[in-house]
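This briefing concerns the strand pairing and helix packing of the structure shown below. Please read it alongside the coordinates.

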Amino acid sequence: MNELHTLHILNKTPDHPRFGECLGMLGPDDAIVLIENGVLGLAAAEGFHSARVYALRDDVAARGLSGSTQATSLVDYSEWVGLTLQAERVISW
Amino acid sequence: MAMLIIIDQPPYGGWTGREALDMAFSLAAFDQPVSLLFIGAGVNWLRTGQNTSGIEQKSVEKNLAAAPVFGIEDILADRISCERYGIAPPELADSVVLTDANAELLAQYSQAAFAG
Amino acid sequence: MNNLDPHSFTLVITGAPYSTQAPQTALSFAKAAIAAGHAIDRVFLYGDGIHLASALVTPPSDEPHWPKNWATFLEEHEVPGVACIASALRRGLVDDKEQKRYELDASNLRAPFTIAGLGEWVEGNIKSSRTLYFHGDR
């Protein structure tokens, strides 16, 4: 497992200003967890630079996006809990 | 290391910014190091000449002027957001520092949070 | 930080039930954290999140009752649930004490939630391994 500096928890759609703010503060050793409406970023094929991208499985499935997750690791709540503890800091956008 | 409280919503049209400021003041009151970052439409907090008498709300300009007195370490404003909203450096109070909101900035803080 | 060692979380909910997904996401997170052997130090309701502690929320019977589900979780795991007093009073959430103080007609705080100041959040933030925020989507 590589170093994980900041874990960004993103629950906004790509049209929300905070989605762009999050991408603007993303570092190369960071990771994103898309939750709630944030998973729509997968449908909009947003570029996430070099950050690792995770998406909450239940939210992806609920929005009918299970087929749009090629480069994304789906995580359950338990794996998300683990990620928050691996990261040096966590920010909820 | 300090906490960074981020405000990305403009004043008056919503309460989230005020609630973010309350969080920052609380941390400072308990001697916890805290700084504020204004980004996006949040930079409109920093404009001078706010006259709120017609909307029956307290001026956030005055609230914010008290921040250094209450022990808030830095008041940071994202440079690009200020340009976008036409807020030029001479207009900013002396206590406000222009910065670039990026990963390097975030790395200087142990935690970062929005109020909502 | 080794994620296999037991840790503690403070959860801050700022999104209201039935307006946002925040309370239900937070509850699923809290249950997963407990299942992994971690502790929830406290849950702090802030801003619109305080509506989760209302005793008067009445969803249709075929929808999940998030205030009730959260109250059950807090009781079962003896986790303090605290609504910010400034957020609560502005939005019409009061306990018996505040009802008397402001001479109001009723109180509407759901047990086991309590009402207290932002100092509860500051303390949780200092004591916990991680503080997580669950916001609305607007």
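In chain B, strand β2 (residues 34-38) and strand β3 (residues 75-78) are paired in the parallel sense over 3 bridges. Within this pair, Leu37(B) has Leu76(B) of β3(B) as its bridge partner. The model is predicted, and both chains are treated below by topic.

**Sheet of chain B**
- The open sheet of chain B is formed by 5 strands in the order β4-β3-β2-β1-β5, with parallel pairing.
- At its edges lie β4 (96-99) and β5 (109-113) of chain B, each of which pairs on one side only.
- On average, neighbouring strands of this sheet are turned by 30° against each other, direction ignored.
- Helix α1 (residues 16-29) of chain B packs on the sheet and touches β1 (2-7) and β2 of chain B; the direction of this helix makes about 165° with that of β1(B).

**Sheet of chain A**
- In chain A, 5 strands form an open sheet with parallel pairing, and their order is β4-β3-β2-β1-β5.
- The edge strands of chain A are β4 (73-75) and β5 (89-92), and each pairs on one side only.
- Strand β1 (residues 6-10) of chain A pairs with strand β2 (residues 31-34) of chain A in the parallel sense over 4 bridges.
- Opposite Leu7(A) stands Ala31(A) in β2(A).
- Helix α4 (residues 77-86) of chain A packs on the sheet, where it touches β1, β2, β3 (52-56), β4 and β5 of chain A; the direction of helix α4 makes about 150° with that of β2(A).

Note on methods. Residues numbered from 1 in each chain as written. Chains lettered and ligands numbered in written order. Predicted model: local features only at pLDDT ≥ 70, side-chain atom pairs only at ≥ 80, totals over all residues. Pairing = 2+ DSSP bridges. Helix = DSSP H or I, 4+ residues; strand = E, 2+ residues; numbered from the N terminus. Axes fitted to C-alpha atoms, helices over the stretch in contact; angles between N-to-C directions. Contact = placed C-beta atoms within 7 Å.
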